[in-house]
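Let's take a walk through this protein together, from its overall layout to a few individual residues. Keep the 3D view open as you read.

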Amino acid sequence: MKNRFSRMAVGSILTIAFIVCANVAAFAQHPVFSGDWKLDEAKSELGEFGGRMVAKTVKVEQKADAISFAKTSPGFNGGDPITTTLLLPFDGKQVESEGFGGSKRKSTAKWSDDGQSFIVNSTTLFERNGQSMEIKATETWSLKDGSLYVVTTSSSPRGETTTKALYTK
């Protein structure tokens, strides 16, 4: 009987060790984006509007199955900065959140095919004075030489824009 319990204990320990190693290996395949990042405007391409809404700082917390980030952007007309926080699972599940001005945003996150970057797709619906406007955006997040790169392409009835923001720690 003692021998049977010993085999069960060893089996349980091996199973737990396998699960832990599998989770560590899965996490290790992807770059780690966690940290406090600050926009380097001189090395960024912020588009024709100077990236007015590009986040000046980004705080990122990454786990094996999800990522959360808090982006702080300048306020309108010199007002208080605006911070938006979002938690997205990497499985592509859609998350609904509130954007600035009470807008409604739906977002997904998914690792790229090579696992070295991730893509956030979002659709934001603005309603004002009985008018609706939809903005679709795709953000590609990647790391290179210790810097965070976020390339955002957005489209709305006003046209398409692309920004290339470089962040450093």
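**A walk through the fold**

In sequence order the pattern reads α-β-β-β-β-β-β-β-β-β-β. Please keep in mind that this is a predicted model, in which local features need pLDDT of at least 70, side-chain atom pairs count only at pLDDT 80 or more, and totals for chains, interfaces and linings use all residues. Residues are numbered from 1 along each chain as its sequence is written, and side-chain values use heavy atoms, with hydrogens and water left out.

How confident is the predictor? The average pLDDT (the predictor's confidence in each residue, from 0 to 100) is 85 for the protein, and 81% of the residues score at least 70. Over residues 17-27, pLDDT stays under 50. For that stretch the model has four contacts (heavy atoms within 4.5 Å) beyond four places in sequence. Across the protein, among contacts with a separation of 6 or more, 30% are between residues 24 or more positions apart.

Now for the surface and the interior. The accessible surface is about 11,200 Å², and carbon and sulfur atoms account for 53% of it; the areas come from the Shrake-Rupley method with a 1.4 Å probe, and for residues only the protein chains shown count as cover. Of the 169 residues, 32% are buried; buried means under 20% relative accessible area, exposed over 50%, and partly exposed in between (1.4 Å probe, protein chains only).

In soluble globular proteins, nonpolar side chains tend to be buried together. Here, the largest nonpolar core has 23 residues; such a core is a set of buried Ala, Val, Leu, Ile, Met, Phe, Trp, Tyr and Cys residues joined through side-chain atoms within 4.5 Å. Phe-33, Val-58, Val-60, Phe-69, Phe-118, Trp-141 and Tyr-167 have the most contacts inside this core. At least two core residues come from each of S1 (35-39), S2 (57-62), S3, S4, S6 (104-111), S7, S9 (147-156) and S10 (159-168).

Let's look at the rings next. The structure holds seven aromatic pairs; rings of Phe, Tyr and Trp (its six-membered ring) pair if their centres lie within 6.5 Å, and planes under 30 degrees apart count as stacked, over 60 as edge-to-face and the rest as tilted. Phe-69 and Trp-141 make a tilted pair, with 4.9 Å from centre to centre and 35° between the planes. This pair links distant parts of the chain, since Phe-69 sits in strand S3 (residues 66-73) and Trp-141 in strand S8 (residues 131-144), 72 residues apart. Phe-69 is buried at a relative accessible area of 5%, and Trp-141 is buried at 0%.

Phe-90 and Phe-118 pair edge-to-face, at 5.6 Å between centres and 70° between planes. Phe-90 lies in the loop between strand S4 (82-89) and strand S5 (95-98), while Phe-118 belongs to strand S7 (residues 117-128), so the pair ties together parts 28 residues apart in sequence. Phe-90 is buried at 9% relative accessibility, as is Phe-118 at 0%. Phe-33, Phe-69, Phe-90, Trp-111, Phe-118 and Trp-141 form one aromatic cluster. Leaving out residues up to four places away in sequence, the residues that Phe-118 touches include Phe-33, Ile-67, Phe-90, Trp-111 and Trp-141.

S1 has a covered face with Gly-35, Trp-37 and Leu-39, and an uncovered one with Asp-36 and Lys-38. Strands pair if DSSP finds at least two bridges between them: S1 runs antiparallel to S2, joined by four bridges, and antiparallel to S10, joined by two. Asp-36 stands opposite Lys-59 in S2, and Lys-38 has Thr-168 in S10 as its bridge partner.

Which backbone angles deserve a look? Most residues other than glycine have a negative phi, and most peptide bonds are trans. Asn-129, in the loop between S7 and S8, has a positive phi of about 55° and is exposed, at 74% relative accessible area. Asp-145 has a positive phi near 50°; this residue sits in the loop between S8 and S9 and is exposed at 73%.
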